[in-house]
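This report describes one protein model for a reader who is new to structural description. Please keep the sequence and the structure in view while reading.

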Amino acid sequence: MSEEVVDSRHGGVDDLRLRAWTFNAEDSACSFLCRVNEEASDKVLEVEQKYNEVRRPVYSKRNEIIQSIPNFWFTAILSHPILCELVSDEDQKVLKYLHSLDVEDFKDVKSGYSITFSFKPNPYFEDTKLVKVFRFSDNGTTSVSGTSIHWKHGMDLANGSVAEKQGNKRPLPEESFFKWFNDNPKDSSEAIQDEVADIIKEDLWPNPLKFFNHDADSDDYEDGNSDDDDDEEDDDEIENGADGFEDDEPDDDDDNES
């Protein structure tokens, strides 16, 4: 057997060994990073759970103060640039009776949370509390449940009609916000994206005063629009500037005459 053949085979074996070593090294690094990420996630959840317990009494005290302010949550919801679009004219009449809103993480924060709307006695439904609950299981499934609203006769907004004084039903022009409480997907192995819940939990609940005072538009939601406006103004200036330069160009006839 020639030396070239031996060297070729020997080189092939070394190449395979190198690939195997590289693969094992990468696999080991990935396993290590996965363990680190899992530990980091657990630590983050521990910290979040700790501070949820610290914040809870503060939120409870805040709710007590808010209940003394007429139409606080009604105003905050209608002042929110996204939530206001989900509330129909009929819904607004019901939300006038909303006196408390609460978002509470479960003791194990990674297992879920609940959103509770508390109402004063009203002519629309019998319930004093409407609750939406999100539960996350260890196997990755998510279950969502909500209060089945006990509407009074002729007042069922969620099903698209209300009764007029004469007893006839008229269709509602918009879908009711209250349909959200019963719009519950079955258990899913995929992440459930609930825009309403996310907005309430992550935006409205942490700082409702921002929306009650109508500060949200200028602080958080008009920045993108203002940037667009600035871009348009810059484009206009460029166009106008170009026109101006054209107007200022020297006249060849004038140069020749001089």
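Which residues are buried in H2? They are Phe72, Trp73, Phe74, Thr75, Ala76, Ile77 and Ser79. Helix H2 is thus mostly covered, with seven of its eight residues buried. Here buried means under 20% relative accessible area, exposed means over 50%, and partly exposed lies in between (1.4 Å probe, protein chains only). Helices (H or I, at least four residues) and strands (E, at least two) are DSSP runs, numbered from the N terminus.

The model is predicted; local features need pLDDT of at least 70, side-chain atom pairs count only at pLDDT 80 or more, and totals for chains, interfaces and linings use all residues. Residues are numbered from 1 along each chain as its sequence is written, and side-chain values use heavy atoms, with hydrogens and water left out.

**The sheet**

Four strands, in the order E1-E2-E3-E4, make up an open sheet with antiparallel pairing. Strands E1 (98–105) and E4 (142–146) are at the edges and have a single partner strand each, so one side of each lacks a neighbour in the sheet. From one strand to the next, the twist averages 5 degrees. Two strands count as paired if DSSP finds at least two bridges between them.

Strand E1 is joined to strand E2 (residues 112–119) by seven bridges, and the two strands form a hairpin with six residues between them. Within this pairing, serine 100 has serine 118 of E2 as its bridge partner, while aspartate 105 stands opposite tyrosine 113. Strands E2 and E3 are also antiparallel, over seven bridges, and serine 114 stands opposite valine 133 in E3. Strands E3 and E4 pair over five bridges; here the bridge partner of phenylalanine 134 is valine 144. Their hairpin has five residues between the strands, and its glycine 140 takes a positive phi near 95 degrees.

In a regular strand the side chains alternate between the two faces of the sheet. In strand E2 both faces are covered: Gly112, Ser114, Thr116 and Ser118 are buried on one side, and Tyr113, Ile115, Phe117 and Phe119 on the other.

Helix H4 (residues 195–204) lies across E1, E2 and strand E3 (129–136), at about 90 degrees to E2. Contact means heavy atoms within 4.5 Å; axes are lines fitted to C-alpha atoms, for helices over the stretch in contact, and angles run from 0 to 180 degrees between N-to-C directions.

The loop between helix H1 (3–66) and H2 contains asparagine 71. Most residues other than glycine have a negative phi. Asparagine 71, although not a glycine, has a positive phi of about 55 degrees. Asparagine 71 counts as partly exposed because its relative accessibility is 30%.

**Aromatic rings**

Rings of Phe, Tyr and Trp (its six-membered ring) pair if their centres lie within 6.5 Å; planes under 30 degrees apart are stacked, over 60 edge-to-face, and the rest tilted.

| Pair | Centre to centre | Angle between planes | Class |
|---|---|---|---|
| Tyrosine 113 and phenylalanine 136 | 6.3 Å | 55 degrees | tilted |
| Phenylalanine 117 and phenylalanine 181 | 5.4 Å | 85 degrees | edge-to-face |

Tyrosine 113 is in strand E2 and phenylalanine 136 in strand E3, so their pair ties together parts 23 residues apart in sequence. Tyrosine 113 is buried at 7% relative accessibility, whereas phenylalanine 136 is partly exposed at 32%. Phenylalanine 117 and phenylalanine 181 are both buried. Ring pairs also link Phe117, Phe119, Phe125, Trp151, Phe177, Phe178, Trp180 and Phe181 into a cluster.

Lysine 201 lies over the face of tyrosine 113, at 5.0 Å from the ring centre. A charge sits over a ring if NZ of Lys or CZ of Arg is within 6 Å of the ring centre and within 35 degrees of the ring normal.

**Confidence**

The predictor's confidence in each residue, pLDDT, runs from 0 to 100. The protein averages 76, and 60% of the residues score at least 70. Among the elements, H2 has the highest mean pLDDT (97) and E6 the lowest (45).
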